[in-house]
Amino acid sequence: MPALRILLAAIIILSFLVEIKTGGVGAGVLLGLVAAGILFGAQYVHGLVSLNQIGLFLMGILCIAVEILLPTIGLIAGIGVALMAYSLVLALGGDINGLYALLAAAIIAVFIFVLILKKLPSSKLWNRVVLRNESTTDHGFVSAESHDELLGHVGIASTDLRPAGVVEIDGNPVDVVSDGSYIKKGEKVIVASVNGSRVVVRRVKEDI
C-alpha cells in the first residue's frame with residue numbers, strides 16, 4: 001500500500017533527524033531501522049529493490065554514524081543523506097511517483113520533528129549546523145558605538161553641517177548630522193536625538 005510505504009519512510013526520516021539532533025542511539029533510531037527493514041524487506045520480496053540498493057541505504061547510515069562519531073565539516077553526513085534519499089526513492093517505486101512519495105514522507109517527518117524539537121537534547125553535529133547564539137548585546141555583540149549619553153548636550157560646530165559634519169561636545173569631536181538645516185562652522189548646537197551611532201543636532205537659538 002502506498003500510504004503504508006510513505007508512513008514507513010516518514011518514520012525512517014524522522015528517526016535519523018532525531019539521531020542527528022541528539023547524537024545518541026536510542027529507541028528512535030531503532031524504530032527507524034525496524035521501519036527500514038519492513039520497507040526494504042517487503043520491496044525486496046516483491047523484486048522491487050535489489051541488494052545493491054539496500055546496500056546504498058546501509059552506506060548512508062554508516063556515513064551519518066561516522067559524522068556523528070568523528071565530526072567533520074558535514075560532507076560525510078551530506079553524502080549519507082543523499083545515499084539514503086536515493087535508496088528510499090528506489091524503494092518507493094524508483095520513478096517520479098517515488099520521488100513524490102519521498103517528499104510527502106519528508107514533510108510528515110519534518111512536521112513531527114518540529115513539534116518535538118525543543119524537547120530533544122542537542123548533539124555536537126546539530127550545534128555545528130544550526131546557529132544557536134544570537135548576536136545580542138547580552139552576548140557582547142555591538143553593531144555600532146552608541147552615543148545615548150550625548151542627548152541634550154550642547155556643542156560647537158567644528159565644520160559646516162551640510163547636513164553631516166563634526167561637532168565638538170564636551171571637548172570631544174563627534175560625527176553628527178543636522179536636523180535638516182544648514183549649520184555654519186562655529187554655531188552652537190544641541191543634540192536633539194540619538195539613534196545608535198547616529199547623532200542628530202539642531203541649532204541653538206540665541207536669546208536676543
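Strand S1 (residues 154-157) and strand S2 are joined by three bridges, and they run antiparallel. Strands here are DSSP runs of type E with at least two residues, helices are H or I runs of at least four, and both are numbered from the N terminus. Two strands count as paired if DSSP finds at least two bridges between them.

Before I go on, a word on the source. This is a predicted model: local features need pLDDT of at least 70, side-chain atom pairs count only at pLDDT 80 or more, and totals for chains, interfaces and linings use all residues. Residues are numbered from 1 along each chain as its sequence is written, and side-chain values use heavy atoms, with hydrogens and water left out.

Back to S1 and S2. They form a hairpin, with six residues between them. Look at the partners. Glycine 155 stands opposite isoleucine 169 in S2. Alanine 157 stands opposite valine 167.

Now S2 itself. Which residues are on its covered face? Gly165, Val167 and Ile169. The uncovered face holds Ala164, Val166 and Glu168.

Next strand along. S2 (residues 164-169) is joined to S3 (residues 172-178) by six bridges, and the two run antiparallel. This is a hairpin as well, with two residues between the strands. Aspartate 170 sits in the turn, with a positive phi of about 55°. Isoleucine 169 has asparagine 172 as its bridge partner in S3. Glutamate 168 has proline 173.

S3 also pairs with strand S5 (residues 198-203). Here the sense is parallel, over two bridges.

Now the helices. Take H4 (residues 75-91) and H5 (residues 96-116). They pack at an angle of about 120°, and their axes are 8 Å apart. H4 and H5 are therefore oblique to each other. The cut-offs: under 35 degrees is roughly parallel, over 145 roughly antiparallel, 65 to 115 roughly perpendicular, and the rest oblique.

Which residues make the contact? On H4, Ala85, Leu88 and Val89; on H5, Gly98, Leu99 and Leu102. Contact means heavy atoms within 4.5 Å. Five of these residues are nonpolar, one is polar and none is charged. In this scheme Ala, Val, Leu, Ile, Met, Phe, Trp, Tyr, Cys and Pro are nonpolar, Asp, Glu, Lys and Arg are charged, and the others, Gly among them, are polar.

Last, the whole chain. How many helices and strands are there? Six helices and five strands. Along the sequence, the pattern reads α-α-α-α-α-α-β-β-β-β-β. Of the 208 residues, 32% are buried. Buried is under 20% relative accessible area, exposed over 50%, partly exposed in between, with a 1.4 Å probe and protein chains only. And among contacts between residues at least 6 apart in sequence, 50% join residues at least 24 apart.

Definitions and conventions:
Axes fitted to C-alpha atoms, helices over the stretch in contact; angles between N-to-C directions.
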